[in-house]
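This report goes through one protein chain, from its overall dimensions down to single residues. Please keep the sequence and the coordinates at hand while reading.

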Amino acid sequence: MTRIKRGSIARTRRTKIRFVASKFRGSHSRLTRSIIQQGLRAFVSSHRDRNRKKRDFRRLWITRLNATIREMGLHYNYSKAINNLYKNQLILNRKILAQIAILNRKCFYMISNEILPQYSTRIIQK
C-alpha cells in the first residue's frame, strides 16, 4: 500500500491564517491555535474601537467648546450655546466649532455674539 501525503488543504488554510498574524509577537505569530484566537480578538477590538473613536472625538470637541465658552464668562455654557446655534440656524458641527475655538478666537467670538440672545450683553473680546 502506498503512502498518502496529507495536508495540502490544511497547510493552505493555515498559511492564510498566518498572513493575519504577521505583526503579532511571540507564540501568537507561530502557533496556529493562538493565531486564530488572537486574530479573532484583534478583529473584535478593531470593530469595537472604530465606534469608540467617534465617541471619544465627539467628547473631546464638546469639552473644548465648553471650556472656551466658559472662559468668555457671562454664565454661559455649551448646551445653551448649541441650543442658540440651532435657533439662529447657524448649522456648524462640533468638530469645526472646536477647531475655530482653538485656532481663531476672534472668529469664535463673532459666532458667539451672533448666537447670544438679545437680552444678554455681548461678549467683549479679550
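**Basis of the values**

This is a predicted model, in which local features need pLDDT of at least 70 and side-chain atom pairs count only at pLDDT 80 or more, whereas totals for chains, interfaces and linings use all residues. Residues are numbered from 1 along each chain as its sequence is written, and side-chain values use heavy atoms, with hydrogens and water left out.

**The chain as a whole**

The chain holds 5 helices and 0 strands, where helices (H or I, at least four residues) and strands (E, at least two) are DSSP runs numbered from the N terminus. Along the sequence this gives the pattern α-α-α-α-α. The radius of gyration of the chain is 27 Å, while a compact globule of 126 residues would have one near 14 Å; the radius is taken over C-alpha atoms, and the globule rule is 2.2 Å times the number of residues to the power 0.38. Along the principal axes, the C-alpha atoms fill a box of roughly 100 × 25 × 20 Å.

Of the 126 residues, 22% are buried, with buried meaning under 20% relative accessible area, exposed over 50%, and partly exposed in between (1.4 Å probe, protein chains only). The accessible surface of the chain comes to about 10,500 Å², and carbon and sulfur atoms account for 56% of that surface; such areas come from the Shrake-Rupley method with a 1.4 Å probe, and for residues only the protein chains shown count as cover. Among contacts (heavy atoms within 4.5 Å) with a separation of 6 or more, 40% join residues 24 or more positions apart.

Helix α2 has 40 residues and spans 56 Å from its first C-alpha to its last, close to the 58 Å expected at 1.5 Å a residue, the expected span being 1.5 Å times one less than the number of residues. Its buried residues are Ser34, Ile35, Gly39, Leu65, Thr68 and Ile69, and the buried residues of α2 pack against α1 (8-20), α3, α4 and α5. In α5 (residues 105-115), the buried residues are Phe108, Tyr109, Ile111, Ser112, Asn113 and Ile115, and their cover includes α2 (32-71), α3 (78-87) and α4 (94-103).

In soluble globular proteins, nonpolar side chains tend to be buried together. A nonpolar core is here a set of buried Ala, Val, Leu, Ile, Met, Phe, Trp, Tyr and Cys residues joined through side-chain atoms within 4.5 Å. The largest such core has 17 residues, of which Leu65, Tyr76, Leu97 and Phe108 touch the most other members; the elements that give two or more residues to this core are α2, α3, α4 and α5. Leaving out residues up to four places away in sequence, Leu97 touches Leu65, Ile82, Leu85, Leu92, Phe108 and Ile111.

**Individual residues**

The table sets out the relative accessibility of selected residues.

| Residue | Relative accessibility | Class |
|---|---|---|
| Ile35 | 2% | buried |
| Thr68 | 8% | buried |
| Arg70 | 53% | exposed |
| Arg33 | 68% | exposed |
| Gln89 | 68% | exposed |

Ile35 lies in helix α2 and, leaving aside neighbours within four places in sequence, is in contact with Ile17, Arg18, Ala21, His28, Ser29 and Arg30. The C-alpha atoms of Ile35 and Ser22, 13 residues apart along the chain, are separated by 9.5 Å. Arg33, which is also found in helix α2, is 19 residues from Arg14 in sequence and 9.9 Å from Arg14 in space, C-alpha to C-alpha.

Thr68 belongs to helix α2 as well, and a polar atom of the Thr68 side chain lies 3.0 Å from the backbone oxygen of Leu65. Beyond four places in sequence, Thr68 is in contact with Ala101, Arg105 and Phe108. Arg70, again in helix α2, is in contact with Tyr76 and Asn77 when neighbours within four places are left aside.

Gln89 lies in the loop between α3 and α4. Most residues other than glycine have a negative phi; Gln89, although not a glycine, has a positive phi of about 60°.

Note on methods. A polar contact is a pair of N or O atoms within 3.5 Å; within protein, one must be able to donate a hydrogen and the other to accept it, and residues adjacent in sequence count only if both atoms are side-chain atoms.
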